[in-house]
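Subject: Structure handover

Hi,

Here is the structure I promised to pass on. Please open it next to this email and follow along.

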Amino acid sequence: MTESELVKKALSQPWEVKFRQSVQLLQMYETFALRINPDGYYLAFSGGKDSICMKRVADIAGVKYKAYYHNTTVDPPEVCRFIRDIHPDVTWTHQPKHLCKMVEERGLPNRRHRWCCAVYKEGGGDGEGKLIGVRAAESHRRASLWHTFKMDGRGGFFVCPILYWTDKEVWSFIKTEELKYPSVYDEGRTRVGCIGCPLSQTQREELERYPRYAALWRRGAERFYKRTTEYVKSDGDFYATVNFPTFEHYWAWWLAEGKRWQRGSKEACMIANMLAGWRGELAPPDGQMPPPHGGWAKPYEGGRPPRRKSPPLGGTGGGR
Ligand code: SF4
């Protein structure tokens, strides 16, 4: 049986079997988690529906854990309020800078350069028994990457107790257990996460719904663009942003990136476009969609900026 057939089989098991397995899984590895940390499991809590279910199952299983929320600074305010009011036992962790402030230094994140996930979301619990609310039904990638138990390579391990739950089962569990959830789901959203995340298929809708966050992203991006087009890297090389004739081109490219993926373009196409940058006349400065792949015009002829040494902020990432 292939890996994907096994995943399909696991997903189609009866609910009672899946639920029993989730509980048993948590109980089985608790001893190991306690050996590493007397607080028990490190439960990664995002305030989303999956985290809510995972936390409830851990309570039902009676295992010891401590829940942590990593404040990304761009999560919907409704979600932050929900965590603070309904789950006061969750410990908040903070980064010294707002994510959009970091954009000034590192550039806009994208699918190939997801620096913010590593900084704002995925830290914490290294070398411990970490509970993750990831589900195979969310994407093929997650189904192939994750198992119910996985070593973390740092002496700890991951346990994914709801890995094989379907969306329907998640919502039915929330209903049966009468669990509270963030109000954003009632607005029709299927996931909660960072507002304006470039990986989200609803990036534009999110930025329209939360204009204050859109302004923060834009300000960070504008400052990054200005800095990297006026200065060169310490090794004398140019930043990739010089391929965008204006900031509006850079911004429109970022907003459109997710859309290109939704249309099923190949990764190679997206990467080629990104590296080529926005080459000239076809680029609309008013935030319209970019031309489809293959529609690039003549190379940008605006000339490169004069070389200057030492970027003011040290010039990390976002380069070529
Ligand atoms: S979810 Fe998106 S915006 Fe949030 S940290 Fe990860 S890549 Fe960045």
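Helix 3 crosses helix 8 in a left-handed sense. This is a predicted model, so treat what follows as a description of a prediction. The angle between helix 3 and helix 8, which spans residues 167–176, is about 60°, and their axes are 10 Å apart. Angles from 65 to 115 degrees would count as roughly perpendicular, and those under 35 as roughly parallel. Look for K49, D50, I52 and C53 on the helix 3 side. Across from them, helix 8 brings V170, F173 and I174. Five residues of this contact are nonpolar, two are charged and none is polar.

Helix 3 has another helix partner. Helix 2 (residues 15–36) packs on helix 3 at about 70°, with the axes 9 Å apart. That makes the two roughly perpendicular. This crossing is right-handed. Helix 2 uses S22, V23, L26 and Q27, which meet V57, A58, I60 and A61 of helix 3.

Helix 3 (residues 49–61) lies across strand 1 (41–44), strand 2 (65–70) and strand 4. Helix 3 runs at about 150° to strand 1.

In what order do the six strands of the open sheet stand? The order is 3-2-1-4-6-5, and the pairing is mixed. Strand 3 (91–93) and strand 5 (149–151) are at the edges. Each has a single partner strand, so one side of each has no neighbour in the sheet. From one strand to the next, the twist averages 30°.

Strand 4 covers residues 129–131 and strand 6 covers residues 157–159. They pair in the parallel sense, over three bridges. Find K130, and you will see it opposite F158 in strand 6.

Next, one more helix pair. Helix 5 (residues 99–106) packs with helix 10 (residues 211–230). Their angle is about 20° and their axes are 7 Å apart. They are therefore roughly parallel. The crossing is right-handed. Helix 5 contributes C100, K101, V103 and E104. Helix 10 contributes L216, W217, R219, G220, A221, R223 and F224. By class, that contact has six nonpolar residues, one polar and four charged.

Which residues are around it? They are T72, P109, R114, C116, C117, Y120, K121, G193, C194, C197 and L199. Seven residues of this shell are nonpolar, two are polar and two are charged.

Best wishes

Technical notes
Residues are numbered from 1 along each chain as its sequence is written. This is a predicted model: local features need pLDDT of at least 70, side-chain atom pairs count only at pLDDT 80 or more; totals for chains, interfaces and linings use all residues. A residue is near a molecule or strand if its C-beta atom, placed from the backbone, lies within 6 Å of it. Ala, Val, Leu, Ile, Met, Phe, Trp, Tyr, Cys and Pro count as nonpolar, Asp, Glu, Lys and Arg as charged, and the others, Gly among them, as polar. Axes are lines fitted to C-alpha atoms, for helices over the stretch in contact, and angles run from 0 to 180 degrees between N-to-C directions. Helices (H or I, at least four residues) and strands (E, at least two) are DSSP runs, numbered from the N terminus. Angles under 35 degrees count as roughly parallel, over 145 as roughly antiparallel, 65 to 115 as roughly perpendicular and the rest as oblique. A crossing is left-handed if the near helix is turned anticlockwise from the far one by less than a right angle, and right-handed if clockwise. Two residues are in contact if their C-beta atoms, placed from the backbone, lie within 7 Å. Two strands pair if DSSP finds at least two bridges between them.
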